[in-house]
Amino acid sequence: MTVDENTLPVRDMVTTGWGDPGRRTGLPAAARSWLGRRIGLPDEKDPDVLPPAQPAVPLPVPAVPDLAWTALAEAVGADNLDESREARLRHAGGKSYLDLVRYRSGAISVPDVVVTPGSHQEVLAVLAACSKFRLAVVPFGGGTSVVGGVAPIGDGYRAVVSLDLRRMDGLSQMDTESLTVWAEPGLRGPEAERLLGEHGLTLGHHPQSWEHATLGGYAATRSAGQASSGYGRFDDMVLAVRVATPAGTLQVGRGPASAAGPDLRGLLVGSEGTLGVITGMRLRVRRKPQVIADEGWSFKTFAEGTTALRRLAQAGLAPDIARLSDPDETRANLALAPGAKTRLLRGLLAVRGRAGGCLLVTGWEGTEGSVEDRRRAAGAVLRANGGLRLGPAVGEAWRRGRYHGPYLRDDLLDAGALVETLETATSWSDLTGLHEAVRGTLRYSLSVGTTQPLVLAHVSHVYPTGASLYFTVLAARDDDRAEEQWLVAKRMATDVIVQSGATLTHHHAIGTDHRDWMVDEVGPLGVEVVRAVKGVLDPQGVLNPGKLLPDA
């Protein structure tokens, strides 16, 4: 699927899937046949019609007390309170496999009302009302969380408010000399790039969720874009942040760098709406690149490819985009991608003795001279470590389809597959061992008889000391236990990750999915430090309950 990054996608995604269902291409017959052989995908699971845009289930009557409703209406205006069925369903969760299974089965929880503030002061007023009447508040940006980060959890509260920040989507204070800009949280990636592009600037932050995710969501989850090896993670871009809390306003971040005590900005960025609601950020931006150059490389083994990437990163030669697929992911990508160009690539790899190897996509952005110099220097390192250059067509094809993955996921769900992802990051010395350990665990936990799942993996973010590992799992779904089937596998894989010393998450965040392992990540005292901060900023505990922190 070719994406025009200058065309804004639809604002609201279909509830039971991703984005605009009109952009889905369907699962090719050859790909379906291949998956049938590999994971036992049943033929009869291919429906003639798409799942409904919304689940046909009755919803509970909204439970917001009258006095609380009046206070919320005074805060944002009655027109910005929405308790309609459509709005409540649209804010019932994110876009993980578990979210979509629940949407499609109707086993969902919904907020009682969707509130859309238009300013920092309105957010403060909403939080004051929610604290007074004990209403849970779930900040909501693009709704793209894949770890339960926007689940409307209201146990112990009188009602749940989904705080949709879409009206707060401005971009101001553009400083083209210092290369900074002030951005509001509801601004989506495509609109931010359009506005910045008018001034010859870019954020350079393109996660796979870019078409729908918001800048506030990027900050709240410490997002990493596909070009983070060159542009940096989103937390690297946040110079200052303003947060509305039930206790008042907290604004931190002065100058390009500071030694003024602990970095409170770092505490707020990544707090996932549990400490406050991000209402504005000063961001670092860059000049738009004059040249974008992508290309493909092949390595005989995953270890050979990771060694090459390590040497690039440690020599300061890493590409802006570096995406190394292991052999299984390489085979799956070639099998699932239709078209004559894919067939030609398969033939080329076979002729060059790389049919069972690993595909690396690299991307370079900058001035014509800098891109050429960097590519030449990196190419010498890649060749010296076993790399075979495949040319620009491979990289350009990846860029054209880089936002298509969630649509393919929906097609696979319709065909009866369990398809989900998990990710981590670890040191170079532990990378290949962890790769094998997690793959083995997922295969074991999702095998049924002689049928094994496909466990695909890639490295997509590299640092001098280590890299990320991103796993995609494809298995025949057991509809009688669709949630449990994945939860058992995810728990086992996460245990392996934390026991190895790797991080719980490199860029998906904590949400509900990972909170039970936060003690492993930061220790008991670390959890208590965050609890203590939450007690000061959110004394009634109304902000995004059930996320980030384990139960006390």
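Start with β13 (residues 321-325) and β14 (residues 358-366): four bridges join these antiparallel strands. Strands here are DSSP runs (E, at least two residues) and helices are runs of H or I with at least four, numbered from the N terminus. Two strands pair if DSSP finds at least two bridges between them. R323 faces V361 of β14.

This is a predicted model: local features need pLDDT of at least 70, side-chain atom pairs count only at pLDDT 80 or more, and totals for chains, interfaces and linings use all residues. Numbering runs from 1 along each chain as its sequence is written, and side-chain values use heavy atoms, without hydrogens and water.

Now widen the view. The open sheet has seven strands, ordered β15-β12-β14-β13-β17-β18-β16, with antiparallel pairing. β15 (388-391) and β16 each have a single partner strand, so one side of each lacks a neighbour in the sheet. Neighbouring strands are turned by 25 degrees on average, direction ignored. Helix α17 (residues 428-446) packs on this sheet and touches β16, β17 (454-459) and β18 (466-476). Contact means heavy atoms within 4.5 Å. The direction of α17 makes about 15 degrees with that of β18. Axes are lines fitted to C-alpha atoms, for helices over the stretch in contact, and angles run from 0 to 180 degrees between N-to-C directions.
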